[in-house]
Amino acid sequence: MKRYAFLFFFLTCLPAWAGDGFPVIEVAPWNGHKAATSLTFDDGDHSHLDVAIPELDQRGMKATFFLIANQIDRKDEWRRIIAKGHEIGNHSLDHRHPAEMTPPQQEAQVVGANHVLQKEFGVQVRSFAYPFTEITPELQKALGKTDLLARGGYGKDYVLTPAMDPDWLDIPARMTETKLPLSTYRRWIVEDVKKGGWLVWMIHGLEGTVSGWNPILRKNFTAILDDIAAKDIWVGTFTEVGSYFMGAKILGKAGARTEGNRKTYRWDLPEFFPPHVFLKVRLKGEGVLFQDGKRLRPDESGLYPVDLDQKSLTLGRK
């Protein structure tokens, strides 16, 4: 991995850690990369299976596909892409405008779709994308029953940086459009790296689609992927990157108890948080880290893997 002068998340309880003889723990943003990005696709269009998946797989990239639960075909192909490590997310039962529905109907569009997708594909669905990027209190309340994260569409900051505290049920995204030139997309990527943040893409149709909205040329899509691949950007699914970001915030707020030369931090994880999320952390100062009674060892970059499933981390003076 390339070595950079990483920006780190300083844990929010840093003042309580500093000056007590213990080293400081810093969380490396974005799995140890300079920036992160998530490629998300809406509506389960055929061009996602025919164009996007082959190009993504060729580059070893994983993406998130938000499916409309009552409008899915080619189900066996979606099962295969899930097996490859891509994510499917919830894009409602029928992709209706919230204004057309009562609050119970809005809840059914979220919760019902989640159940349909999980039954159909046998996986936990943890993310949602608002149809038409229209957000209501009723939809957000329903999401609390099913999902960890939701993708909105608009925001003051399209690139989320480590210092920000995002609304996990309204993560902004930049939308590709037929009219936009490749140079625009390249500016988005440059901005992401410059800010050292997380950029989420909202992609609909691709060249060759029959009904996909706002399709973009295949050559532009592959150029976007190649531009991302050429930079130190972590390409992860929406839930993968979002849970790492959320996990860093959780660890930053963990309570601590000191006993002699050891300090133990404990935390809880929210409902629907995925298993096996590891944070990469660095010690600023001399010390040792333990989880489950075992000493953690750093990699060649000096980063330690912290398993959030353990819900505790012990820091010792060396």
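## What buried means

A residue counts as buried when its relative accessible area is under 20%, and as exposed when that area is over 50%. This cut-off is used throughout the report, which describes a predicted model.

## A strand covered on both faces

In a regular strand the side chains alternate between the two faces of the sheet. Strand β2, which runs over residues 24-27, can be read with this pattern in mind: V24 and E26 lie on one side, I25 and V27 lie on the other, and all four are buried. Both faces of strand β2 are therefore covered, given that buried means under 20% relative accessible area.

Strand β2 also has a partner, for it pairs in the antiparallel sense with strand β14, residues 278-284, over 4 bridges.

W30 is buried, because its relative accessible area is 0% and the cut-off is under 20%.

N214 is another residue other than glycine with a positive phi, in this case near 50°. The place of N214 is in the loop between β10, residues 198-203, and α7, residues 218-229. Is N214 buried or exposed? With a relative accessible area of 17%, N214 is buried, since this value falls under the 20% cut-off.

## The chain as a whole

The protein chain has 8 helices and 18 strands. Its radius of gyration is 21 Å, close to the 20 Å that the globule rule gives for 318 residues, so the chain is as compact as a globular protein of that length. Taken along the principal axes, the C-alpha atoms fill a box of roughly 65 × 45 × 35 Å.

Buried residues make up 56% of the 318 residues in the protein chain.

## Surface and charge

The accessible surface of the protein chain comes to about 14,200 Å², and 51% of this surface belongs to carbon and sulfur atoms. As for charge, the chain has 41 positive and 40 negative side chains, and the centres of these two sets lie 7 Å apart.

Terms used
Residues are numbered from 1 along each chain as its sequence is written. This is a predicted model: local features need pLDDT of at least 70, side-chain atom pairs count only at pLDDT 80 or more; totals for chains, interfaces and linings use all residues. Side-chain values use heavy atoms; hydrogens and water are left out. Helices (H or I, at least four residues) and strands (E, at least two) are DSSP runs, numbered from the N terminus. The radius of gyration is taken over C-alpha atoms; the globule rule is 2.2 Å times the number of residues to the power 0.38. Buried means under 20% relative accessible area, exposed over 50%, partly exposed in between (1.4 Å probe, protein chains only). Accessible areas come from the Shrake-Rupley method with a 1.4 Å probe; for residues, only the protein chains shown count as cover. Lys and Arg count as positive and Asp and Glu as negative; His and the chain ends are not counted. The place of a charge is taken as NZ of Lys, CZ of Arg, CG of Asp or CD of Glu. Two strands pair if DSSP finds at least two bridges between them.
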